[in-house]
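Please read the following report alongside the sequence and the coordinates, beginning with a sheet and moving on to the packing around it.

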Amino acid sequence: MIKCKGLKKIYVNGDVETAALKGVSFDIEKGEFVAIIGPSGSGKSTLMHILGALDTPSEGEYFLDGQEVSKLKDDELSELRKNKIGFVFQAFNLLPRTTVLRNVMLPLLYTETTVKEREERAKECLRYAGMEESKFYNLSNQLSGGQMQRVAIARSLINNPAIILADEPTGNLDTKTSHIVMEAFLELNKKGHTIVLITHEPEIAQFANRIITIRDGVLESDIKK
Amino acid sequence: MIADILKETFWSLSANKVRSGLTILGIVIGIASVITMVSIGQGAQASIASSIESIGSNLIIVRPGAQRTGGVSSGAGSNTTLTMDDSNAIKAEIQNVQAIAPEDSRRAQVTAKGTNTNTQIVGTVPDYATVRSIAMDSGTFITDQAVKSSAKVAVLGATARDDLFGASSNPIGQIIRIRNVDFDVIGVTVAKGGSGFTNPDDSIYVPITSAQHFITGDTFVSTISVAAVDQASMVAVQNQISDLLLKRHGISDPLQADFSLVNQADIIATASSITGTFTILLSSIAGISLLVGGIGIMNMMLTTVTERTREIGLRKAVGIKKIYINMQFLAEAVALTFLGGAAGVALGWGASILVTKFVSSLTTQVSMSSVLLAFGVSAGVGIVFGFYPARRAANLSPMEALRYE
C-alpha cells in the first residue's frame, strides 16, 4: 500500500540547510491503523506532508498504491490527493458559514458527478462518520469541536480514499471528545480503511495497532501490537 | 464544470454577505463619484456655452468710449460718442451686415397696477430681435411703424413680466408707467436664461425714438449691436466699422478711438479659456476619485482574498486543481466588479439626474466615455487584485497556504 525508501527532506533557508527527514523507510499494508508519534521538531509533520502528497521528498522514493509520488507535478499531486487520500486536520479546516453538507461535498467539485450523486454520497459519509441527520444543513461554524471533526472525517471519506491521514485530529479537542473521535477512527479501521495518524500524545497513539516513533528525522522504533 | 464554478461563486459571495457588500460598495462609490463629477462638469460647460450663444450669433457690439489704453483717453466711458447717425451710416455703407440694432438703454423704475420694479429699459429697433436672438412668447416685438411714430408701446422680458404682472400672466393690452409716461404692453419675450452680462429677461423693450423722447432725453445710443451674415465675415465687418467710425468722428489714430468694438468670438475665446480651466479642474477631481476608488477596491480585494488563503489551501489539499481555484476567484472578482459597476453606473446616473432636477441652472450630461472609463478602471483593478492574490495562494503548497496567518 505505502512504500517509503530512504525519504529525505531538506529545507533550504538562505544558506542554512535544515534536514527535517534524514532517510526514513517503512511500509504500511492495507487495513493497518498506524500512529506516527514524535515530539515537535522530530520531522513527523514533514513525513505526514510527504505521505499526504502535499509535499515531495528531496530524496528517496514514495509509492502510494503502486504509484511513484515523489516526482509528480503540482496538478498531478492534486489529482492523487483527490483520488487516494482523505485528510483530517487538527484545525478541522471547514469552510466557515457553509452548510455541513456542502463542506463534505467540497472534494467532489469539478468532478464528473451530478449534484444528486454528490449529496447522496455526502449524506452516506456523514452517517458513516456518526453525524446526526438533523445537523446536515447546519452551518459549519454552529457546530461543536467534536461535530466539526466528524464532518471533517466524513469529508475525508467522500472520495473513498486508499488511506486516511489524520494530522493531530484530537489536538483541538478535550479528552472526552478526543476519545469519541478516536473511537470513530477505530470504527473506520474495522470497516477496512487504512488510517495513518500523526500525534504527539502517546495516549492517543494507543488506539492504533502499530506505532512508529520518529525522532530527529530518523525512525526510532516501529512497534506492532 | 462551469456550473460548479458559477455555483461556488454564488455560494461564496452569498455566504459572506457583509464582505461582498462592502467590496461592492467600494466599487459603487468609486464609479458613481466619477460619473457624477464628470456629468456635472460637462453640464456646466454646456450651460456656459449656451449662455454665450444666447446673446446672439455673429455679434459685434459697438460701445461708446475707448477702453483705457494709457495716456489721455478723452471721453472714455462718457457714453455720448455714438449716435443714431453712426448706426445709420454702418447700415448704409458696410456690406455683410445682416442686421443692425442701435440701443439706448437706461435703468428706470417701472410701475404697473400696484406693483413696481427697477429694470433695464432698452430703447431699440425691430432688428434687435434678430441680432440678439429674441423670440416672442406672445404679442409682437417693436415694429418699424412704432419706431417712426415714437409710439408709447413696450415689450416685456419674461422676468419683467413676472415682476409686474405675476408669473405666466398675459399682460398684453395692459399699461405700464415708465418715468411718468404710460406705455401699452404689446408683447412678451420667451425666457432665455441669464446670459451673465445683462439679463435679457429682466428688460423692457421700447422703440428707440420713444426711449430718447420720454426716458433718456438725449439722442445718443448706448450700444450698437451688429450681426454679420456669417462667422467668416466678422473680422472684415469689424474692421470696416472701426474705419468708418474713426472717419466719421474725425480721429486719425485708432488708439485714440472714442468707441470700442467687442465681438462674440472674443467673448467665446475668454469663456472657453475659463471652461478649459474648469475642465482641467474637473478631470483632476474625477481622476483623483478614480484613483481613490481604485485603491479602495484594490485594498478590499487584496484583504478579502488574502484572508482566504487558508480556504485556498484547503481546496488544494482536498485535490482541487489550481486552474479551478483560479477560475473560481476570477469569477468572484468579475461578479463583484460587475455588480458593483452596474450599481455604480446607475447611482452616478441617478445622482446626475437629481443634480439637474434640483440645480435649475445646470443640466448635467452623463458621457459614455466617463462611464466606460470609470467602469473599465474599477473592473480592471477589481479583477487584477481579486485574481492575483488568489493565483499566488493557489501556487503555494497546500500546507503553506493552510498555515497562512
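In what order do the six strands of the open sheet in chain A lie? The order is β6-β7-β8-β3-β9-β10 with mixed pairing, where strands are DSSP runs of E of at least two residues and helices runs of H or I of at least four, numbered from the N terminus, and where two strands pair if DSSP finds at least two bridges between them. This is a predicted model, in which local features need pLDDT of at least 70 and side-chain atom pairs count only at pLDDT 80 or more, while totals for chains, interfaces and linings use all residues. Residues are numbered from 1 along each chain as its sequence is written, and chains are lettered from A and ligands numbered from 1 in the order in which they are written.

The edge strands, each pairing on one side only, are β6 (85-88) and β10 (218-224) of chain A. Strands β3 (residues 33-37) and β9 (residues 210-215) of chain A pair in the parallel sense over four bridges, and Ile37(A) has Thr213(A) as its bridge partner in β9(A).

| Helix | Strands crossed | Angle |

Between the chains, 19 residues of chain A are in contact with 20 residues of chain B, contact meaning C-beta atoms, placed from the backbone, within 7 Å. Helix α2 (residues 74-84) of chain A gives the largest share of chain A's side, six residues.

Key: Contact = placed C-beta atoms within 7 Å.
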